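This report looks at how two chains meet. Please view the sequence and structure first.

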4 protein chains.
Amino acid sequence: MVVVMTPEATDEDVARVVERVEGVGGEAFVSTGVVRTIVGLVGDIDSFHGLNLRSLPGVGAVHRISDPYKLVSRQHHPDRSTVWVGGVPIGPDTFTFIAGPCAVESAAQTLEAAEMAKAAGATLMRGGAYKPRTSPYAFQGLGVAGLEILSSVREATGLPVVTEVVDARDVPVVAEHADMLQVGTRNMANFGLLQAVGESGRPVLLKRGMTATIEEWLMAAEYIAQRGNLDVVLCERGIRTFEPATRNTLDISAVPVVQATSHLPIIVDPSHAAGRKDLVVPLSRAAIAVGADGVIVDVHPDPETALCDGPQALLGNELRLLAQAVRQLPPAVGRVDAGTVAREAAGVR
Amino acid sequence: MVVVMTPEATDEDVARVVERVEGVGGEAFVSTGVVRTIVGLVGDIDSFHGLNLRSLPGVGAVHRISDPYKLVSRQHHPDRSTVWVGGVPIGPDTFTFIAGPCAVESAAQTLEAAEMAKAAGATLMRGGAYKPRTSPYAFQGLGVAGLEILSSVREATGLPVVTEVVDARDVPVVAEHADMLQVGTRNMANFGLLQAVGESGRPVLLKRGMTATIEEWLMAAEYIAQRGNLDVVLCERGIRTFEPATRNTLDISAVPVVQATSHLPIIVDPSHAAGRKDLVVPLSRAAIAVGADGVIVDVHPDPETALCDGPQALLGNELRLLAQAVRQLPPAVGRVDAGTVAREAAGVR
Amino acid sequence: MVVVMTPEATDEDVARVVERVEGVGGEAFVSTGVVRTIVGLVGDIDSFHGLNLRSLPGVGAVHRISDPYKLVSRQHHPDRSTVWVGGVPIGPDTFTFIAGPCAVESAAQTLEAAEMAKAAGATLMRGGAYKPRTSPYAFQGLGVAGLEILSSVREATGLPVVTEVVDARDVPVVAEHADMLQVGTRNMANFGLLQAVGESGRPVLLKRGMTATIEEWLMAAEYIAQRGNLDVVLCERGIRTFEPATRNTLDISAVPVVQATSHLPIIVDPSHAAGRKDLVVPLSRAAIAVGADGVIVDVHPDPETALCDGPQALLGNELRLLAQAVRQLPPAVGRVDAGTVAREAAGVR
Amino acid sequence: MVVVMTPEATDEDVARVVERVEGVGGEAFVSTGVVRTIVGLVGDIDSFHGLNLRSLPGVGAVHRISDPYKLVSRQHHPDRSTVWVGGVPIGPDTFTFIAGPCAVESAAQTLEAAEMAKAAGATLMRGGAYKPRTSPYAFQGLGVAGLEILSSVREATGLPVVTEVVDARDVPVVAEHADMLQVGTRNMANFGLLQAVGESGRPVLLKRGMTATIEEWLMAAEYIAQRGNLDVVLCERGIRTFEPATRNTLDISAVPVVQATSHLPIIVDPSHAAGRKDLVVPLSRAAIAVGADGVIVDVHPDPETALCDGPQALLGNELRLLAQAVRQLPPAVGRVDAGTVAREAAGVR
């Protein structure tokens with residue numbers, strides 16, 4: 001940490017800062033400038049937080065220098081991690097294609113979407129039984145009945161299931177049916193939910209809050225990790241900006257930024273970022289090329305009747321183009337298909 | 001609703017839109033332009049949502065024209081509402097000053113802060129027993145012990161209590177001790193929590209999500225109202241922008257914008273918006289002058305040792321300046337002190 | 001400046017930083033932490049910029065600690081300045097009301113608007129002869145003919161003229177007719193124009209770039225000051241955010257933030273920030289209460305036919321309410337009407 | 001255009017709108033809803049702008065439906081364009097790699113950087129002789145001397161030159177030395193400059209304003225096109241958001257969004273978007289995969305001593321990786337190297 005004194009700070013003000021820091025066992029290095037004095041702190045950063053240095057007289061600003069997250073950082077865990085979901089890897093060597101309908105509407109629609117996803121090369125299936133909606137008048141999901149549909153579709157297709165949980169009280173029932181629990185963008189800072197999925201025993205897909213910085217997102221992952229669950233996969237899904245042409249702005253740079261600082265895998269959701277079907281294929285290509293560990297995409301057998309986010313769901317020609325990109329581009333950036341690895345790991349030939 | 005067809009849309013595409021709209025009992029008015037055709041929809045908007053018109057061939061865009069919220073709108077409730085909290089009004093004729101520590105740390109600190117608040121003219125006390133924190137390593141609040149401190153401080157000072165609830169499972173115990181439940185900025189879209197406070201029987205202070213549009217914020221209020229609770233007070237507390245000089249950017253315009261469209265009262269939190277003590281007094285003045293129904297401010301007997309948000313807590317001279325502003329400015333914009341009204345309502349002279 | 005080394009930095013990397021700093025006559029204080037080393041630099045900051053320290057091996061980040069602006073800073077000029085425009089002050093003790101049409105359309109319209117402005121209490125007149133427009137198909141202003149209208153209206157009303165200049169090549173002719181040159185939001189970073197108005201011999205009204213940080217805005221003022229012109233008045237006019245209810249988000253906090261760090265006067269433009277007539281009066285009230293040195297507002301005798309920004313121009317009842325606020329509120333925050341001071345300065349009673 | 005009346009609008013209010021529209025030769029279709037009436041306008045949109053409908057009584061909002069740009073739109077020019085720069089194409093079938101130093105500092109540095117660029121596969125050279133800088137105390141470029149260096153380096157390497165012009169008065173001299181004129185992010189809305197480059201007879205590289213919407217950017221291109229110059233290439237270079245990990249947020253979605261609506265070529269500048277060397281290669285890969293028509297990248301023989309943006313300039317291993325990506329990825333998305341096409345066009349084998 002670095003403490004920057006104001007130009008008006010007195011020697012007593014500086015001495016008080018030093019004294020406090022030393023009082024909790026830290027060291028303070030004073031650099032006296034022409035206009036300002038700065039104090040560099042060395043020691044246990046958590047102990048410094050309690051000092052409330054920013055409130056002391058003569059203190060202008062306090063800059064944190066090191067990253068605030070620990071368990072999810074590469075600092076003490078330099079190798080990037082692989083998270084296994086129902087036998088399918090998500091990690092640095094593979095590329096994992098996840099697809100399915102935004103919302104589970106019926107057994108038939110879910111099965112058909114899962115079969116479309118599988119045919120296009122997906123190795124994990126997504127589908128929402130609980131939907132957080134901005135409007136209380138919008139479709140809120142089928143709940144437990146939706147979870148049961150997902151279970152039976154997994155049975156039929158062999159695709160492990162990724163599904164969202166929106167309330168800490170639902171974590172046990174969702175964990176019973178799902179292979180991976182998704183925490184959605186609106187719940188990224190719902191700390192009770194983060195702790196609950198941290199104790200669920202299931203891998204977690206943590207979407208970025210649409211207005212969260214990368215650091216806040218990694219702190220949310222830290223909440224999960226702190227409860228003993230390091231099987232966290234991050235998902236970039238667009239951030240809120242001033243640009244109206246897309247629903248959100250896909251922050252493609254977040255992929256290499258996260259990979260430089262955290263060992264957790266990171267995938268991209270182009271469907272929710274764009275909110276427009278015609279952008280899903282080019283953005284998926286960009287995600288593969290930038291080095292993402294996977295993509296998650298909306299497909300629906302009949303987008304015109306979808307109860308949720310129909311305008312962004314793929315089918316027909318776009319899905320074929322996506323399948324082709326997912327087959328051809330990952331090898332060009334040194335990635336193996338996650339399905340191949342999963343089959344090998346399972347001893348299947 | 002207005003449906004805008006693409007320039008390439010065929011007559012069949014237009015006919016399909018009309019047919020769907022009429023299929024649910026609506027009327028469709030077709031305006032054929034030189035380049036594009038637009039279709040105006042008249043009828044029950046909720047029935048149109050299910051049509052998924054944006055997914056139909058030839059549809060370029062669908063614009064909603066009317067507001068999506070109902071219970072909190074002024075449309076059928078033109079008079080602005082007053083919400084009573086422990087006998088104190090928050091509404092269009094009064095100005096309500098709420099103050100207290102960000103976090104309840106101890107009985108002594110809370111009592112002292114409440115007495116400071118009362119001496120400065122506050123008629124409601126704030127204080128957090130549950131703190132949602134970005135870092136899992138930061139102070140998370142005293143929980144039930146904190147609620148008990150708040151109860152006893154209300155006993156001692158006569159100030160009704162506003163306190164935050166962060167988890168739907170805690171709503172009953174918080175409602176037992178508090179006069180008003182606060183939903184914080186990070187939980188504005190935590191729909192399970194919104195529904196729980198909607199059923200709590202207590203008035204709710206709903207902070208704006210730091211990245212929520214005003215419309216999303218009013219939809220969150222609609223979630224609460226839909227559960228039968230119309231005693232909702234909105235609180236503008238700054239939005240996330242690119243400007244680093246303040247923690248968030250206080251969106252002062254939100255006050256008249258909300259008042260034009262919703263009947264709910266709206267107050268301002270300058271402390272959390274700015275994150276800087278020196279801005280709290282000028283921003284409080286601005287809030288009064290723009291027509292806010294109240295302000296909520298951090299005070300702390302010893303900001304240097306505060307466990308949470310010390311740098312923004314007022315004391316001494318700044319608190320005196322704030323007390324003065326709160327006494328002098330509201331009458332200049334036609335407002336009566338809420339405390340005076342509360343005493344009159346209670347038959348006290 | 002503080003240089004933060006990466007965790008992997010070697011002793012040689014640190015030594016290289018120290019050597020470079022000392023090579024230009026600076027001092028470097030090394031603080032060796034558990035994980036990272038930080039180096040505090042003391043000396044002439046401009047000489048450090050050329051060192052390109054961020055590119056050296058082992059350097060993670062370089063934080064500037066002091067403000068980059070000098071001439072406009074309060075550091076060596078602690079008293080806030082007053083700028084005089086045609087005999088009217090804009091500064092810390094007064095409140096200056098500027099009004100007029102967005103665009104000069106005709107002699108009759110400009111005169112009528114100026115008379116409305118004067119009747120409402122304005123002491124300076126605004127009006128645009130050159131209009132920067134997003135669309136090349138929109139009205140671009142009357143040019144020199146518009147300047148001549150402004151001159152004649154000043155003659156008729158006695159109100160000094162504030163008008164925008166959009167091209168460095170036009171500065172001489174605009175300076176000939178205007179009492180104050182306005183640099184608009186789209187030109188805040190047009191450095192050639194800033195230098196030209198810096199040499200114009202006229203006071204300058206520098207609007208904030210709609211996406212400029214406060215620091216960038218003050219650097220733009222520094223460009224003007226560097227050419228010998230310290231008669232710069234800043235104008236907050238809203239910043240671009242995700243909120244669609246207003247055209248831009250008025251950053252009301254910018255007023256006290258600027259006043260804390262710069263000696264230049266600062267006024268507020270609520271009309272362009274909001275883009276909505278109904279918000280102009282409450283936002284003007286907020287501007288006065290927060291401590292702005294003035295406001296600048298659009299008025300138009302017939303907004304329905306205005307060629308530019310009609311929807312935000314005041315007339316009738318709103319203008320009366322604004323006139324009342326401008327009369328009553330400044331004294332409540334310790335300000336004198338600029339017109340009174342101007343008359344006293346001119347020896348008029 | 002669609003005019004939405006307020007719920008309180010009277011029949012007279014609606015009639016007045018219709019009358020005005022018909023008065024300029026348009027047609028108005030009235031749709032009377034339960035709560036609101038909407039009026040669809042058909043006819044010449046430019047004539048409607050002058051009506052100032054938003055200022056009429058009873059009008060709540062006016063929505064533009066069609067795009068405001070014409071010459072740069074695909075509507076009447078469905079095929080995407082190719083712009084030729086010194087014999088090198090930028091367009092839909094090729095991939096063009098542009099590289100060079102941010103600033104021209106000396107003949108030796110520029111030549112060395114150009115040779116690095118050429119060796120890595122670049123077919124156009126960039127380099128700035130005029131630098132728009134936030135601080136008046138920063139290096140502002142060599143001016144005409146820099147242009148002469150660029151000319152001689154083109155002579156030596158055969159690479160056509162792209163260079164920035166920051167002031168309309170400099171357009172003739174820059175056009176004399178450069179093959180393509182760059183308009184930088186800070187000048188995107190400098191309409192005088194746009195018009196000047198529109199008359200320069202040179203192709204223009206138009207960077208997106210860091211806070212401009214895509215529509216505003218295309219309107220800026222329209223300014224250039226309106227002066228008879230359709231040889232405009234757009235360059236996405238990151239937008240300002242709340243995320244601090246990168247200097248700006250590369251809006252990768254802008255590439256397919258622009259390509260869907262405008263026929264102009266579009267390239268990507270990952271160096272200035274990220275501001276970090278380690279992101280340039282992954283973001284360049286993403287740009288190729290998303291379908292960009294080219295990339296423009298900073299290289300410098302000695303980033304440690306660069307006078308401008310050293311931290312983002314590539315050399316050594318990163319440049320090799322970039323060269324490899326630029327060779328291998330474009331064919332995977334159906335693109336030919338622009339250099340190959342240039343040589344064929346020139347009859348070179």
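How many residues does the contact take from chain A and from chain B? The contact takes 43 residues from chain A and 43 residues from chain B. The model is predicted.

**Area**

About 3600 Å² is buried between chain A and chain B. Carbon and sulfur atoms give 49% of that area. On the side of chain A, A:Pro136, A:Tyr137 and A:Glu304 supply 19% of the area buried against chain B. That is more than any other three residues.

**Polar links and make-up**

The rule finds 2 salt bridges across the interface of chain A and chain B. In one salt bridge, the side chains of B:Glu216 and A:Arg240 meet at 2.5 Å, N to O. Across the interface of chain A and chain B, 9 residue pairs are in polar contact, both residues at pLDDT 80 or more.

Helix H6 (191-198) and helix H7 (214-226) of chain A are the elements that give two or more residues to the side touching chain B. H7(A) gives the largest share, 5 residues.

**Symmetry**

A rotation of 180 degrees, with 0.0 Å of shift along its axis, superposes chain A on chain B. The RMSD is 0.0 Å. The two copies are therefore related as by a two-fold rotation axis. In chain A, A:Thr211 has the C-alpha nearest the axis, 3.0 Å from it. Both copies use the same surface: 100% of the contact residues of chain A recur in chain B.

Technical notes
Residues numbered from 1 in each chain as written. Chains lettered and ligands numbered in written order. Predicted model: local features only at pLDDT ≥ 70, side-chain atom pairs only at ≥ 80, totals over all residues. Heavy atoms only, no water. Contact = heavy atoms within 4.5 Å. Buried area = accessible area lost by both parts, 1.4 Å probe. Salt bridge = Lys/Arg side-chain N within 4 Å of Asp/Glu carboxyl O. Polar contact = N/O pair within 3.5 Å; in protein donor to acceptor, adjacent residues only side chain to side chain. Helix = DSSP H or I, 4+ residues; strand = E, 2+ residues; numbered from the N terminus. Least-squares fit on C-alpha atoms with pLDDT ≥ 70 in both.
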